[in-house]
Amino acid sequence: MMTSRRDFLAAAAISGTVFSSLAQEAFPVKPIRWVVPWVAGTPGDFVARIVGEQMAKDLGQPIVIENKAGATGTAVIPEVLRQPADGYTLYYLGAASLLGPMLYPNANIDFAKQFSAVGGLDTVASVAVVGNEKPYESLADLVAAARSKGESMTYASAGNGSPPHLVTEMFKQATGIKLSHIPYAQVGQAMTDVISGRVDLMFLGAPLAIQQVNGGRMRALAVTSAKRMTQLPNVPTVDEAGTKGFSFVSFDGILVRRGTPEPVIRRLSDSLQTALSSTQVRDAFAKGGLEVMQMNPSQFFAYMNAESSRFLAAAKAAGIRID
């Protein structure tokens with residue numbers, strides 16, 4: 001029996017669909033590259049390595065971490081966007097990178113249009129810390145001093161556009177106080193100057209703050225999360241300390257190039273949720289002061305866009321820019 005051209009094309013279409021489906025179900029068939037725009041040894045690098053290890057077990061393929069820092073995590077975006085939209089290149093999004101469109105307008109960064117979400121990783125509160133020799137026993141003490149001294153009081157950050165910079169500017173906007181910003185190229189130097197009393201205040205990320213406070217090198221005045229941290233149970237939230245309604249958490253997540261097939265994104269997302277549910281990840285996060293952020297792709301995409309709008313509005317009001 002002869003086969004008509006129409007029957008041949010129909011059969012080919014069905015075969016192609018089946019082949020495509022099988023190829024997607026087989027994902028991944030080779031190592032996955034995870035671009036982490038922070039240097040090795042930083043909290044973001046730690047998160048990627050502990051989560052990547054668990055995801056690799058689930059996916060059956062290695063996840064290779066590539067550290068490529070610069071421009072608050074956005075310098076590597078053009079390289080990521082040059083890769084195929086096939087799920088084999090992951091981008092580690094840190095909240096600080098959301099300021100990229102404002103800080104680097106010529107880079108044409110648009111997370112909502114250029115990327116699809118795989119899911120959230122963690123949330124990270126900040127801790128308002130001072131040196132032990134400072135007279136401030138509470139956040140209210142510091143605010144009162146700032147109202148009287150104004151810009152003669154200083155705060156440290158890990159550089160313009162970093163989370164410590166943004167959260168402090170948001171705190172200034174919420175309280176109406178004035179503080180002078182001292183940016184540092186290295187967070188270690190910033191901590192040293194806070195400990196010595198050379199700088200009055202820093203909103204330090206929880207993983208580093210917990211070590212310094214519990215080690216007796218800094219005094220914690222408040223945490224920026226909505227509830228108290230288990231690692232610092234006696235430290236009030238900023239809301240409890242008098243600035244009602246104030247909260248701030250930085251966060252991290254995984255993105256892939258827009259156009260990545262939905263079945264591939266689902267496979268990556270399922271693997272991520274499996275990793276975040278593991279005892280290894282949960283214990284490591286808890287020890288480091290991180291909260292697990294389990295969101296599916298659509299939830300994380302919506303959260304990212306909402307926080308991006310909030311952060312950008314605060315940054316613009318503060319006049320944050322790259323010198």
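This is a chat about the predicted model shown above.

Q: Hi! To start, how many helices and strands does the protein chain have?
A: Hello! In this predicted model, the protein chain has twelve helices and ten strands.

Q: And what box do the C-alpha atoms fill?
A: Along the principal axes, the box is roughly 95 × 40 × 30 Å.

Q: What share of the residues is buried?
A: Buried residues account for 50% of the 323 residues in the protein chain.

Q: Of the contacts between residues at least 6 apart in sequence, what share joins residues at least 24 apart?
A: That share is 76% in the protein chain.

Q: Charges next. How many positive and negative side chains are there, and how far apart are the centres of the two sets?
A: There are 29 positive and 26 negative side chains, and the two centres lie 3 Å apart.

Q: Let's zoom in. Where is Lys68?
A: Lys68 sits in the loop between strand S2 (63–67) and helix H3 (77–81).

Q: Is Lys68 buried, exposed or partly exposed?
A: Lys68 counts as partly exposed, because its relative accessible area is 30%.

Q: What does Lys68 touch, leaving aside neighbours within four places in sequence?
A: Lys68 is in contact with Arg33, Val36, Pro37, Trp38, Val76 and Glu79. With Glu79 there is also a polar contact between the two side chains, at 3.0 Å. As for Val36, its C-alpha atom is separated by 6.2 Å from that of Lys68, although the two residues are 32 apart along the chain.

Q: You mentioned Arg33. Where is that one?
A: Arg33 belongs to strand S1 (residues 32–36).

Q: Why does Arg33 count as buried?
A: Its relative accessible area is 16%, and the cut-off for buried is under 20%.

Q: Which residues touch Arg33, not counting those up to four places away in sequence?
A: Arg33 touches Val64, Glu66, Lys68, Glu79, Gln83, Tyr88, Thr89 and Leu90. Glu79 is therefore a contact of both Arg33 and Lys68, with contact meaning heavy atoms within 4.5 Å.

Q: How many residues of H7 are buried?
A: Ten of its 13 residues are buried, so H7 is mostly covered. Among them are His165, Leu166, Val167, Met170 and Phe171.

Q: What do the buried residues of H7 pack against?
A: They pack against strand S4 (115–131), helix H6 (139–149), strand S5 (154–157), strand S6 (180–183), strand S7 (201–205) and helix H12 (297–318).

Q: Tell me about His165: is it buried or exposed?
A: His165, in helix H7, counts as buried because its relative accessibility is 5%. Leaving aside neighbours within four places in sequence, His165 is in contact with Tyr155, Ser157, Gly159, Asn160, His181 and Ile320.

Q: How does helix H2 do on span?
A: Helix H2 (residues 43–59) has 17 residues and reaches 24 Å from its first C-alpha to its last, close to the 24 Å expected. Its buried residues include Val47, Ile50, Val51, Met55 and Leu59.

Q: Which residues come just after these helices, and what phi do they take?
A: Just after H7, Gly176 takes a positive phi of about 80°. Just after H2, Gly60 takes a positive phi of about 75°.

Q: Which residues other than glycine have a positive phi?
A: Ala71 is one of them, with a phi of about 55°, and Asn108 has a positive phi near 55°. Most residues other than glycine have a negative phi. Ala71 lies in the loop between S2 and H3 and is partly exposed at 28%. Asn108 is in the loop between helix H4 (100–103) and helix H5 (111–114), and counts as exposed at 59% relative accessibility.

Q: Last one: which residues does a cis peptide bond join?
A: It joins Phe27 and Pro28, with omega about -5°. Pro28 is in the loop between helix H1 (5–25) and S1.

Methods
Residues are numbered from 1 along each chain as its sequence is written. This is a predicted model: local features need pLDDT of at least 70, side-chain atom pairs count only at pLDDT 80 or more; totals for chains, interfaces and linings use all residues. Side-chain values use heavy atoms; hydrogens and water are left out. Helices (H or I, at least four residues) and strands (E, at least two) are DSSP runs, numbered from the N terminus. Buried means under 20% relative accessible area, exposed over 50%, partly exposed in between (1.4 Å probe, protein chains only). Lys and Arg count as positive and Asp and Glu as negative; His and the chain ends are not counted. The place of a charge is taken as NZ of Lys, CZ of Arg, CG of Asp or CD of Glu. A polar contact is a pair of N or O atoms within 3.5 Å; within protein, one must be able to donate a hydrogen and the other to accept it, and residues adjacent in sequence count only if both atoms are side-chain atoms. The expected span of a helix is 1.5 Å times one less than its number of residues.
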